[in-house]
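Me: I have a model open and want to learn how to read its features. Can we go through them one at a time, starting with the aromatic rings?

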Amino acid sequence: RKRYLNVDHELPEIIKSEALRINRLFANFNLTDSNKLKKKNKENIHELIRLCLFKIKQMPNDFRIFEEFDPSLPLIRINRDLIIQAFDNLLINSYESSNFNDDSFLRIETRFIVGESIKIPNLKDIIKKNSISITFSDNGKGISEDILKKVFLPFFSTKKRGSGVGLFIVKKIIDDHDGSIDIQSKNGLTSVKITLPF
């Protein structure tokens, strides 16, 4: 059953927040200069995912959404506006690729990843390179092998009115956070896995 928001209270705040975020992105985001938006703060990644999901849930068609969140995730130092932009792009792609039938779903999983311990000469403490992963999975139309090789190229799109910069920007945002992104599409399941260090 579709959940509707409290229009009197929540929607104006969401609209205001989104308008300010988009304004900051357009004012500062330059594809040729990754130093323009370097401001990073400690954020709760689950709060940002839920904000993006809230917007998707207002779309006209329904599909089931599953959250499998790791409660042990720490706060992570990221640029809030850019990560929201990346998540929005991925969720819209999932939404637009959905068949919107009884079996249609979107699953978001988060995991804490314990990294290798690194011993640096002349330093007493051992450094651990831990990270978190966020995986968006859906059973929509899928992506062919040929297209998977091109999805991160600028101006490549399979949509009639697509600009071809969505996944290119997502990859740039993740790269700017020293993270990685990987897309797999097999047997009717498409998964996008993002890994972010902290």
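Reply: Start with the cluster. In this predicted model, Phe63, Tyr95 and Phe100 form one aromatic cluster.

Me: How many aromatic pairs are there in total?
Reply: The count comes to six aromatic pairs.

Me: What describes a pair of aromatic rings?
Reply: Two values: the distance of the centres and the angle of the planes. Now the case here. The ring centres of Phe63 and Tyr95 lie 5.9 Å apart, with the planes at 90°. Planes over 60 degrees apart count as edge-to-face, so Phe63 and Tyr95 make an edge-to-face pair.

Me: Which parts of the chain does the pair of Phe63 and Tyr95 tie together?
Reply: Phe63 sits in the loop between helix H2 (45–56) and strand E2 (64–68). Tyr95 belongs to helix H3 (residues 80–97). The pair therefore links parts that are 32 residues apart in sequence.

Me: Is Phe63 buried or exposed? And Tyr95, buried or exposed?
Reply: Buried means under 20% relative accessible area. Phe63 has 11% relative accessibility, so Phe63 counts as buried. Tyr95 has a relative accessible area of 7%, so Tyr95 is buried.

Me: Stay with helix H3. What does Asn89 touch?
Reply: Asn89 lies in helix H3. Leaving out residues up to four places away in sequence, Asn89 touches Gly166 and Val170. Asn89 counts as buried because its relative accessibility is 18%, and the cut-off is 20%.

Me: Now the nonpolar core. Which residues have the most contacts inside the largest one?
Reply: Ile45, Ile83, Phe87, Ile134, Ile194 and Leu196 have the most contacts inside it. That core has 39 residues.

Me: Which elements each supply at least two residues of this core?
Reply: Helices H2, H3 and H5 (166–176) do. So do strands E3 (76–78), E4 (105–113), E7 (131–138), E8 (180–186) and E9 (189–197).

Me: Take Phe87 as a case. What does Phe87 touch?
Reply: Phe87 touches Ile45, Ile49, Cys52, Ile134, Phe136 and Ile194, again not counting residues up to four places away in sequence.

Me: Zoom out. What pattern does the chain follow?
Reply: Along the sequence, the pattern is α-β-α-β-β-α-β-β-β-β-α-α-β-β. That gives five helices and nine strands.

Me: What share of the contacts joins residues 24 or more positions apart?
Reply: Among contacts with a separation of 6 or more, 72% come from such residues.

Me: And what of burial and surface?
Reply: Of the 198 residues in the protein chain, 38% are buried. The chain exposes about 12400 Å², and carbon and sulfur atoms supply 51% of that area.

Conventions: Residues are numbered from 1 along each chain as its sequence is written. This is a predicted model: local features need pLDDT of at least 70, side-chain atom pairs count only at pLDDT 80 or more; totals for chains, interfaces and linings use all residues. Side-chain values use heavy atoms; hydrogens and water are left out. Helices (H or I, at least four residues) and strands (E, at least two) are DSSP runs, numbered from the N terminus. Buried means under 20% relative accessible area, exposed over 50%, partly exposed in between (1.4 Å probe, protein chains only). Contact means heavy atoms within 4.5 Å. Accessible areas come from the Shrake-Rupley method with a 1.4 Å probe; for residues, only the protein chains shown count as cover. Rings of Phe, Tyr and Trp (its six-membered ring) pair if their centres lie within 6.5 Å; planes under 30 degrees apart count as stacked, over 60 as edge-to-face and the rest as tilted. A nonpolar core is a set of buried Ala, Val, Leu, Ile, Met, Phe, Trp, Tyr and Cys residues joined through side-chain atoms within 4.5 Å.
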